[in-house]
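Hi,

Here is the structure I said I would pass on.

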Amino acid sequence: MIRSLFEFVNELPSSTAWRESLNAYVYLLTAHVVSMGVVAGVISYWDMRLAGMALKWIPVSKVQSGLFPWLYGGTAVNAATGILMVYSQPMRYYPNFWFWLKMGMLVVVAANAAYFHLSIEKTVAQWENDPVAPLKARVAGYVSLAFWAGVIATGRMTAYSGLVPQWWIDLGLG
Ligand code: HEM
């Protein structure tokens, strides 16, 4: 089903046009990496505040309001350029182990962020001035830091599609 979708996109004239452009991939990858730096930088400060590792004396809501506009802007450019790279070469990424591992890690960071915003953050007024946040918030911060590092590492590894575990090759996917 996912394979059919990727094959369908591969045949679209607009996908072919992006693929055959000499410069598109270079510009997209450059914008993707620069926006990745913005996202990773902002997320690191935010997560370290939650984990009690940095900016301990700044109220959580102030860290959030100061940083989040940059997070939204960076994420918009980062996601758009990432999706366009896949759109332009779907059959290059479909069999790529690192690409799918990265997508899985992105699901984890999104679920972790949703859990924080829908649950833990509801009580933020009670602890936002504490230098060390409650355990649940600290765990959310550590989980986020670990999986964002994973997203960056697997993003870089995507270029090395041959460096994959044997079982992935055995599945006929590599
Ligand atoms: C919608 C989400 C995303 C998609 C579809 C996506 C897709 C891609 C693609 C297709 C590449 C090029 C791989 C290659 O040809 O070698 C790439 C590279 C990369 N991505 Fe993403 N990406 C997404 C989000 C992110 C996020 C959120 C981060 C980290 C904050 C990230 C970090 C990286 C890194 C570090 C690279 C490697 C750049 C390099 O080769 O030096 N990506 N991504």
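Below is what I found, going from the overall fold down to single residues.

A word on the ground rules first. This is a predicted model, so local features need pLDDT of at least 70 and side-chain atom pairs count only at pLDDT 80 or more, while totals for chains, interfaces and linings use all residues. Residues are numbered from 1 along each chain as its sequence is written, and side-chain values use heavy atoms, with hydrogens and water left out.

**Overall**

The protein has nine helices and zero strands, and reads α-α-α-α-α-α-α-α-α along the sequence. Helices and strands here are DSSP runs (H or I, at least four residues, for helices; E, at least two, for strands), numbered from the N terminus. The C-alpha atoms fill a box of roughly 55 × 35 × 25 Å, taken along the principal axes. Of the 174 residues, 35% count as buried; that term means under 20% relative accessible area, with exposed being over 50% and partly exposed in between (1.4 Å probe, protein chains only). Take the contacts (heavy atoms within 4.5 Å) between residues at least 6 apart in sequence: 77% of them join residues at least 24 apart.

**The cores**

I looked for nonpolar cores, meaning sets of buried Ala, Val, Leu, Ile, Met, Phe, Trp, Tyr and Cys residues joined through side-chain atoms within 4.5 Å. The largest has 17 residues, and Trp-46, Phe-116, Trp-127 and Ala-137 have the most contacts inside it. Two or more residues come from each of α3 (24–51), α4 (60–88), α7 (124–127) and α8 (135–157). Another core, of five residues, lies apart from that one and includes Val-86, Tyr-93, Tyr-94 and Phe-99.

Which residues does Ala-137 contact, leaving aside its neighbours within four places in sequence? They are Leu-50, Phe-116, Ile-120 and Trp-127.

Ser-144 is also worth a click. This serine lies in helix α8 and is buried, at 6% relative accessible area. Not counting residues up to four places away in sequence, Ser-144 touches Ile-43, Asp-47, Val-109 and Asn-112.

α1 and α2 pack at an angle of about 70°, with their axes 5 Å apart. For these numbers, axes are lines fitted to C-alpha atoms, for helices over the stretch in contact, and angles run from 0 to 180 degrees between N-to-C directions. That makes α1 roughly perpendicular to α2, on a scale where under 35 degrees is roughly parallel, over 145 roughly antiparallel, 65 to 115 roughly perpendicular and the rest oblique. In this contact, Val-9, Asn-10 and Glu-11 of α1 meet Pro-13, Ser-15, Thr-16 and Arg-19 of α2. By class, there are two nonpolar, three polar and two charged residues. Ala, Val, Leu, Ile, Met, Phe, Trp, Tyr, Cys and Pro count as nonpolar, Asp, Glu, Lys and Arg as charged, and the others, Gly among them, as polar.

α2 (residues 13–20) also packs against α4, at about 100° and with the axes 8 Å apart, so α2 is roughly perpendicular to α4 as well. Ser-14, Ser-15, Trp-18 and Arg-19 of α2 make that contact with Leu-84, Tyr-87 and Ser-88 of α4. The tally by class is three nonpolar, three polar and one charged.

**Salt bridge**

How many salt bridges does the count come to? It comes to one, where the rule is a side-chain nitrogen of Lys or Arg within 4 Å of a carboxyl oxygen of Asp or Glu. The side chains of Glu-7 and Arg-3 form it, at 2.9 Å, N to O. These two are four residues apart in helix α1 (residues 2–11), so about one helical turn separates them. Glu-7 is partly exposed at 35% relative accessible area, and Arg-3 is partly exposed at 41%.

Most residues other than glycine have a negative phi. Leu-55 has a positive one, about 50°, although it is not a glycine. Leu-55 is in the loop between α3 and α4 and is partly exposed, at 30%.

Pro-95 is in the loop between α5 (90–93) and α6 (97–118), and is partly exposed at 26%.

Cheers
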